[in-house]
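I opened the model today and kept notes in the order in which I looked things up.

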Amino acid sequence: MSTSEIATVLAWHDAVNSNDIDTLVQLSSDDIVLPTPDDDPDQGLDELREWATTAGVTLQPGRLFVHRGIVVVEETVTWASDPGPRDEAIAFRVVDDQVVTVVRHADLGEAFEATGLSEADLYEE
């Protein structure tokens with residue numbers, strides 16, 4: 001288990017929530033893959049910049065699960081366009097302290113199924 005992967009994902013959250021695009025880009029790989037509503041993922045830093053400046057999202061991390069570069073975060077997500085908070089899980093792939101892939105899941109069970117992680121991978125400080 002790597003605390004640097006957790007630190008990277010939490011810093012990524014902070015950058016999204018504070019709209020700190022420069023830090024967000026530094027924490028992301030050049031070919032980052034991002035989810036889209038139509039299930040056709042976007043890729044690259046230009047897409048990340050556009051998403052971060054237009055999404056109007058706030059991510060409140062809850063429990064974190066980590067194993068071999070994958071971090072799954074239970075999230076409370078609030079969108080400016082739909083201000084009611086929503087619970088979901090987001091899976092991050094971290095390589096060399098950069099987020100490579102971001103995948104949204106409806107819930108923790110779905111994220112576990114997709115990533116192979118489980119409750120046994122709970123990160124505890």
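Predicted model: local features only at pLDDT ≥ 70, side-chain atom pairs only at ≥ 80, totals over all residues.

**Surface and charge.** I then went through the charged side chains: 27 are negative and 6 are positive. The centres of these two sets lie 3 Å apart.

**Overall size and burial.** I looked up the extent along the principal axes, where the C-alpha atoms fill a box of roughly 35 × 30 × 25 Å. Burial came next: 40% of the 125 residues count as buried. For contacts I took residues at least 6 apart in sequence; of these contacts, 48% join residues at least 24 apart.

**Secondary structure.** I noted four helices and six strands. Their order along the sequence is α-α-β-β-α-β-β-β-β-α. The radius of gyration is 13 Å, close to the 14 Å that the globule rule gives for 125 residues, so the protein is as compact as a globular protein of that length.

The six strands make an open sheet with mixed pairing, in the order 2-1-6-5-4-3. Strand 2 (42-43) and strand 3 (57-67) each have a single partner strand and stand at the edges, so one side of each has no neighbour in the sheet.

**Strands 3 and 4.** Strand 3 pairs with strand 4 (residues 70-79) in the antiparallel sense, over nine bridges.
- T58 is opposite T78 in strand 4.
- L64 has V73 of strand 4 as its bridge partner.
- V66 has V71 of strand 4 as its bridge partner.

The two strands form a hairpin with two residues between them. In that turn, R68 has a positive phi of about 45°.

**Strands 4 and 5.** I moved on to the next pair. Strand 4 and strand 5 are also joined by a hairpin, again through two residues. Their pairing is antiparallel over nine bridges, and E75 stands opposite E88 in strand 5. How many of the ten residues of strand 4 are buried? I found seven, so strand 4 is largely enclosed by the rest of the structure.

I picked A91 and R86, both of which lie in strand 5. Is A91 buried or exposed? Its relative accessible area is 7%, under the 20% cut-off, so A91 is buried. I listed the contacts of A91, leaving out residues up to four places away in sequence: V71, V72, T101, V102, V103, H105 and T115. Of these, V71 is the residue I had already noted as the bridge partner of V66. I also took one C-alpha separation, from A91 to S29, which is 62 residues away along the chain; the value is 15 Å.

R86 has a relative accessible area of 34%, which lies between the 20% and 50% cut-offs, so R86 counts as partly exposed. With residues up to four places away in sequence left out, R86 touches E75, T76, V77, W79 and R104.

Where is N19 found? N19 sits in the loop between helix 1 (3-17) and helix 2 (21-26). N19 is not a glycine, yet its phi is positive, about 55°. At 45% relative accessibility, N19 is partly exposed.

D96 belongs to the loop between strand 5 and strand 6 (98-105). D96 is not a glycine either, and its phi is positive at about 50°. With a relative accessible area of 72%, over the 50% cut-off, D96 is exposed.

**Last check.** I went back to the strand order with these residues in mind. The contacts of A91 include V71 and V72, and strand 4 covers residues 70-79. They also include T101, V102, V103 and H105, and strand 6 covers 98-105.

Technical notes
Residues numbered from 1 in each chain as written. Heavy atoms only, no water. Rg over C-alpha atoms; globule rule 2.2 N^0.38 Å. Buried < 20%, exposed > 50% of the residue type's maximum accessible area, 1.4 Å probe, protein only. Contact = heavy atoms within 4.5 Å. Lys, Arg positive; Asp, Glu negative; His and termini not counted. Charge placed at Lys NZ, Arg CZ, Asp CG, Glu CD. Pairing = 2+ DSSP bridges.
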